[in-house]
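Subject: Structure for you, with notes

Hi,

Here is the structure for your files. My notes follow below it.

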Amino acid sequence: MISAKKRHPQTSRPTPPRTRAHTVSTNPGYPQHTPRPVPQLHPPKRHEPAGKDGREERAGRGYDAKWALGPRAARAFHAREGYLRVPRKHVEHLAVEPGASAPQGSAGEAVMVRLGTWIDNARRRGDKLTEARRADLDALDMRW
């Protein structure tokens with residue numbers, strides 16, 4: 001004996017199965033879903049106390065090490081091209097020194113520095129830079 005599926009009376013197509021959302025919306029007495037608390041997969045991050053200049057110290061390379069890559073790349077570009085008008089999307093490849101830390105790459109590997117973005121950001125934040133950092137860029141004929 002072949003079991004007959006329920007068919008829609010007007011289209012003669014099989015009736016789609018009822019979903020839980022449909023059952024809940026059409027039956028007001030149907031038990032509603034109560035959300036359970038979601039367990040945290042990772043513990044909350046704990047911030048280290050502020051450093052000397054009042055900023056939080058981040059794990060990894062740190063601000064000074066990140067900053068050091070920018071002027072190094074800018075000096076390489078300036079020595080090669082003779083100017084510092086870097087296109088926004090330019091990427092400079094630097095060789096890593098033997099004593100570099102792991103996030104900067106291993107010895108003999110190249111580090112990619114988005115020099116165009118870095119120069120543009122330094123130009124926009126020029127009034128917030130320290131005197132030493134501003135002097136580094138002025139030595140390369142930085143156009144502010």
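Which side chain does Glu92 join in a polar contact of 2.8 Å? The partner is the side chain of Arg80. A polar contact here is a pair of N or O atoms within 3.5 Å; within protein, one must be able to donate a hydrogen and the other to accept it, and residues adjacent in sequence count only if both atoms are side-chain atoms.

Some ground rules before the rest. This is a predicted model, where local features need pLDDT of at least 70 and side-chain atom pairs count only at pLDDT 80 or more, while totals for chains, interfaces and linings use all residues. Residues are numbered from 1 along each chain as its sequence is written, and side-chain values use heavy atoms, with hydrogens and water left out.

**Salt bridges**

The Arg80 and Glu92 side chains also meet in a salt bridge, at 2.8 Å from N to O. This pair links distant parts of the chain: Arg80 sits in helix H2 and Glu92 in strand S1, 12 residues apart. Helices (H or I, at least four residues) and strands (E, at least two) are DSSP runs, numbered from the N terminus. A salt bridge means a side-chain nitrogen of Lys or Arg within 4 Å of a carboxyl oxygen of Asp or Glu.

Glu92 counts as buried because its relative accessibility is 4%. Arg80 is at 46%, so it counts as partly exposed. The cut-offs: buried is under 20% relative accessible area, exposed is over 50%, and partly exposed is in between (1.4 Å probe, protein chains only).

Arg80 has another partner. It forms a salt bridge with Glu81, with the closest N and O atoms 3.3 Å apart. Glu81 is partly exposed, at 36% relative accessible area.

The whole structure holds 4 salt bridges. One of them joins Arg88 to Asp120, the closest N and O atoms being 3.1 Å apart. Here too the pair links distant parts of the chain: Arg88 is in the loop between H2 and S1, Asp120 is in helix H3, and 32 residues separate them. Arg88 is partly exposed at 45% relative accessibility. Asp120 is buried at 15%.

**The strands**

Glu92 belongs to strand S1, residues 92-95. S1 and S2 pair in the antiparallel sense over 4 bridges. Two strands pair if DSSP finds at least two bridges between them. In S2, Val113 is the bridge partner of Glu92.

Val113 is also among the contacts of Glu92 beyond four places in sequence, including Ala73, Ala76, Phe77 and Arg80. Contact means heavy atoms within 4.5 Å.

S2 has two faces. Val111 and Val113 make up the covered face; Ala110 and Met112 make up the uncovered one. In a regular strand the side chains alternate between the two faces of the sheet.

**The core**

Which residues have the most contacts inside the largest nonpolar core? They are Leu84, Leu115, Ile119 and Leu137, in a core of 19 residues. Helix H2 (62-81), strand S2 (110-113) and helix H3 (115-124) each give two or more residues to this core. H2 provides the largest share, 5 residues. A nonpolar core is a set of buried Ala, Val, Leu, Ile, Met, Phe, Trp, Tyr and Cys residues joined through side-chain atoms within 4.5 Å.

Beyond its neighbours within four places in sequence, Ile119 is in contact with Ala74, Leu84, Val86 and Met142.

**After helix H4**

Leu140 lies in the segment after helix H4 (131-138). Is Leu140 buried or exposed? At 8% relative accessibility, it counts as buried. Its contacts beyond four places in sequence are Pro71, Ala74, Arg75, His78 and Leu84.

His78 is in helix H2. It is buried too, at 19% relative accessible area. His78 and Leu140 are 62 residues apart in sequence, with 7.0 Å between their C-alpha atoms. For Leu140 and Ala79, 61 residues apart along the chain, the C-alpha separation is 9.3 Å. With neighbours within four places set aside, His78 is in contact with Tyr83, Leu84, Leu140 and Asp141.

Asp141 lies in the segment after H4. Its phi is near 60°, a positive value in a residue other than glycine. Most residues other than glycine have a negative phi. Asp141 is exposed, at 59% relative accessible area.

Best wishes
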